[in-house]
Amino acid sequence: MVRSGCVWAIGFAALALAGCQTSQPPSPAFHAVLNQPYRLDAGDRVRVTVFEQESLTNTYAVDKAGYLALPLVGSVPARGRTTNDVQHAITTALANGYLRNPDVSVQVEQYRPFFVMGEVTTGGQYSYVPGMTAQNAVAIAGGFSPRADHRTVDITRQVNGQIVTGRVLVSDPVLPGDTVAVRERLF
């Protein structure tokens, strides 16, 4: 009788633990975005350098509508574009009646922030640093709370225009604009 009771208890525990897995692994597109060129969005700041044109060389912020406001050419679309795309657009606009053979370079000077919430000491908005992992993000937010799950986090990011959430290991990369949510551990 004791033996069957132990088997029953082990079986029940296995079922209970299996039921704890409430999140499916992230879609392949969730991680595929890590291997694509960086796409600009609101909150990014870019350094535009126009060779021999000091009045045009400056740092510009991507506004809420997704544009850069530059002298002479006005608004240049930036949301969803790479720095090379924006460089080409600015070069084309300047060559259209403003400068002869403009030499333009565009580089990200400051990435848009990422966010941390949940079981951390100090949740909030933080400056992004290239190469950041979820564990680095938690450390910037003051570390895990005593009740936090230290193994996995939920990251919400924009992928191909869609908001996607994936449960990943703390060693997974974080991108600008991501929201890292640290859950409470079960045991």
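## A charge over a ring

Arg157 is placed over the face of Phe30, 4.3 Å from the ring centre. This arrangement belongs to a predicted model.

## Confidence of the model

The average pLDDT of the chain is 87, and 87% of the residues score at least 70. Residues 6–19 have a pLDDT below 50, and this stretch has one contact in the model beyond near neighbours in sequence. Where pLDDT is low, the predicted coordinates should not be read in detail.

An open sheet is formed by three strands in the order 2-1-5, with antiparallel pairing. Strand 2 (58–61) and strand 5 (104–110) each have a single partner strand and stand at the edges, so one side of each lacks a neighbour in the sheet. On average, neighbouring strands of this sheet are turned by 30 degrees against each other, direction ignored.

Strand 1 (residues 45–50) is joined to strand 2 by four bridges, and the two run antiparallel. Val48 has Asn58 in strand 2 as its bridge partner. Helix 3 (residues 83–95) lies across strand 1 and strand 5, and runs at about 135 degrees to strand 5.

Five strands make up an open sheet of mixed pairing, in the order 7-6-10-8-9. The edges are taken by strand 7 (124–126) and strand 9 (162–169); each has a single partner strand, so one side of each is left without a neighbour in the sheet. Neighbouring strands here are turned by 25 degrees against each other on average, direction ignored.

Strand 6 (residues 114–118) and strand 10 (residues 179–182) run parallel and are joined by four bridges. Val116 has Val180 in strand 10 as its bridge partner.

## Aromatic pairs

The structure holds three aromatic pairs. In one of them, the rings of Tyr111 and Tyr128 have centres 5.3 Å apart and planes at 75 degrees, so the pair is edge-to-face. Tyr111 lies in the loop between strand 5 and strand 6, and Tyr128 in the loop between strand 7 and helix 4 (134–140), so the pair ties together parts that are 17 residues apart in sequence. Tyr111 is partly exposed, with a relative accessible area of 23%, whereas Tyr128 is buried, at 13%.

The ring centres of Phe114 and Tyr126 are 6.0 Å apart and their planes stand at 35 degrees, so this pair is tilted. Phe114 belongs to strand 6 and Tyr126 to strand 7, twelve residues apart. Both residues, Phe114 and Tyr126, are buried. Ring pairs also link Tyr38, Tyr111 and Tyr128 into a cluster.

How values were computed: Residues numbered from 1 in each chain as written. Predicted model: local features only at pLDDT ≥ 70, side-chain atom pairs only at ≥ 80, totals over all residues. Heavy atoms only, no water. Pairing = 2+ DSSP bridges. Axes fitted to C-alpha atoms, helices over the stretch in contact; angles between N-to-C directions. Contact = heavy atoms within 4.5 Å. pLDDT = per-residue confidence, 0-100. Phe/Tyr/Trp six-rings, centres within 6.5 Å; stacked < 30°, edge-to-face > 60°. Buried < 20%, exposed > 50% of the residue type's maximum accessible area, 1.4 Å probe, protein only. Lys NZ or Arg CZ within 6 Å of the ring centre and 35° of its normal.
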